[in-house]
Amino acid sequence: MRLRNAWGLLRQGGPSQIQFWFIALIIGIAAGFAALGFRMAIDLLQRTIYRVGDPHLLHSHAETLHWGWILAIPVIGGLVVGLILTRFTDDGRVRSVADVIEGAALNEGRVEHKAGVASALASLVTLSTGGSTGREGPVVHLAAVMSSWVSARIQANGITGRDLLGCAVAGAVSASFNAPIAGALFALEVVLRHFAVHAFAPITIAAVSGTVINRLEFGGVTEFVLPQHGDLQFYFELPAYLLLGLVCGLVAVALMRGIFWAEDVGNRVVRVTRMPRWLRPAVAGLGLGAMAIFFPHIIGVGYETTSRALTGQLFFHEAVVFCILKCIAVALTMAGRMGGGVFSPSLMVGALAGFAFGVVATSIFPNVSGAETLYAMAGMGAVAAAVLGAPISTTMIVFELTGDWQAGLAVMVAVSMSTALASRLVDRSFFLTQLERRGTRIAAGPQAYLMSVFTAEMLMRPKDSPNAASTDACLDLVSQGVTLAPNATLQVALPEFETWGHGFIPVVVPGAEGREPELLGALFHVDALRAYSRALAMTAEEEHS
């Protein structure tokens, strides 16, 4: 009985601070198990499908397999992915980190449940059967599904829902990379997009608990083991890292624009050929399989090749070729809507680009240059930071992945330059550009995206309310063509007020052929401005609390 009363109080009044921290702990643990389970499931499927003993050596093992098997596996995987997404999503699109950011900004910290679980399953199949993406994006969205379920159960308001979402993301990222500091910063910097004090403690708790889950299985080892600590020849070598940052910024932009271009081409091909939606991932799988026959390095997450770049076990031409091919493979996987994220691919591309740059730099100035591997490490952070639009958390991830804190100055210089350049050439980051392409303007800030939260139907005064606009006046405006649809957002409505200069605009449902439009009410200019102003004030209060 007491437990039932406590649950009812939690649902009605929201969690207290202590209760919220406890919930954050539970969500962090759950997200950690989700990340661990996702990783182990990929390993198990890769061992079974490719018959490889150690999935970290998948690329080397794939060179020994028959070419027909290398070609067929991604096609079969693509067919499975296509069937999953066709059955469980309304648009055949895999949900990702961009949808988590949108949920935080526009949907009180909630994301889709069914489509989210289906996307995680599709990404699992993709990464296990030759897809050239990363595992962190699907895990982040799967963790967001968990937090959304909790938010729905306790009827969390917008601030609580967003904080719970941040906890889930922090736990998932921390468990994926064994990087608690970076996990907490990623949730704040990328998903919530603020560093409010009230969110810091629960998100940190979730990040630490997610990391503990990872370390219970894998220990406290770093993901990559460097042969030696970076040896930065201070002052003399810093200009080279500034230039590396600019080069990596251009590489990141090429990767992102390549993905978007390939997606547009894929959409056009599907439209022209009338290809069934479920077949699109299989066609992309065919292209990936054909590439993998000659270059198995594109298969999966790519940690083996990344590790080789960080330890200097590549030649210059190999680094350049693998970098280009990885960008193509990632674009093909994304264009085929096969699933997966861009985090790990950006790390691999950055390490390869950095290593190639380092070979050139150290050969030109051998007396004032450190190791090529330090350039690979800085390049890894620089490209990833530009793609994610997260210079702070990405810098920390690089440190925690490699365990090398002595090379911090080189990494920070390269990261800052790449992020500054890339953010001018895209809409801040890969995720925010994805949303911009869908018409959701998160990158422009709350003053832009909050206008899409409110619709005319939500804010209008119904025609039968006491303070409604005159019906005759409304009909007069309707006859002049001055109307708003019920689903018109403030982004549409406010410019209309400026154009027509009226104090209100009728909200009507267009009539069927031969019928008059139905008048629902009117949206008053003052009501629209009041709602917009209140939303901006609440957002500012949350971000500074």
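Trainee: How do you know that the structure holds zero disulfides?

Mentor: Good place to start! This is a predicted model, and a disulfide needs two cysteine sulfur atoms within 2.5 Å. Take Cys323: the closest cysteine sulfur, in Cys327, is 4.7 Å away, so the two are too far apart for a bond. Cys327 is in no disulfide either, since its nearest cysteine sulfur is that of Cys323, at 4.7 Å. The count for the structure is zero.

Trainee: Let's turn to the cavity. Why is that space called a cavity and not a pocket?

Mentor: Because a 1.4 Å probe fits in a cavity but cannot get out, while a pocket is open. The structure holds one cavity of 30 Å³ or more, and the largest cavity has about 210 Å³ of space. Its lining is made of 15 residues, and the closest to the centre are Gln46, Pro55, His56, Arg135 and Val301.

Trainee: What makes helix 2 stand out in the lining of the largest cavity?

Mentor: Helix 2 gives four residues, the largest share. The elements that give two or more are helix 2 (17–50), helix 3 (58–62) and helix 13 (303–310).

Conventions:
Residues are numbered from 1 along each chain as its sequence is written. This is a predicted model: local features need pLDDT of at least 70, side-chain atom pairs count only at pLDDT 80 or more; totals for chains, interfaces and linings use all residues. Side-chain values use heavy atoms; hydrogens and water are left out. On a 1 Å grid over the protein atoms alone, a cavity is a set of points where a 1.4 Å probe fits but cannot get out, and a pocket is an open set with protein on both sides within 12 Å along at least five of seven lines; lining residues have an atom within 4 Å of a point. Grid points are joined across faces, edges and corners, and a volume is the space filled by probe spheres set on the points.
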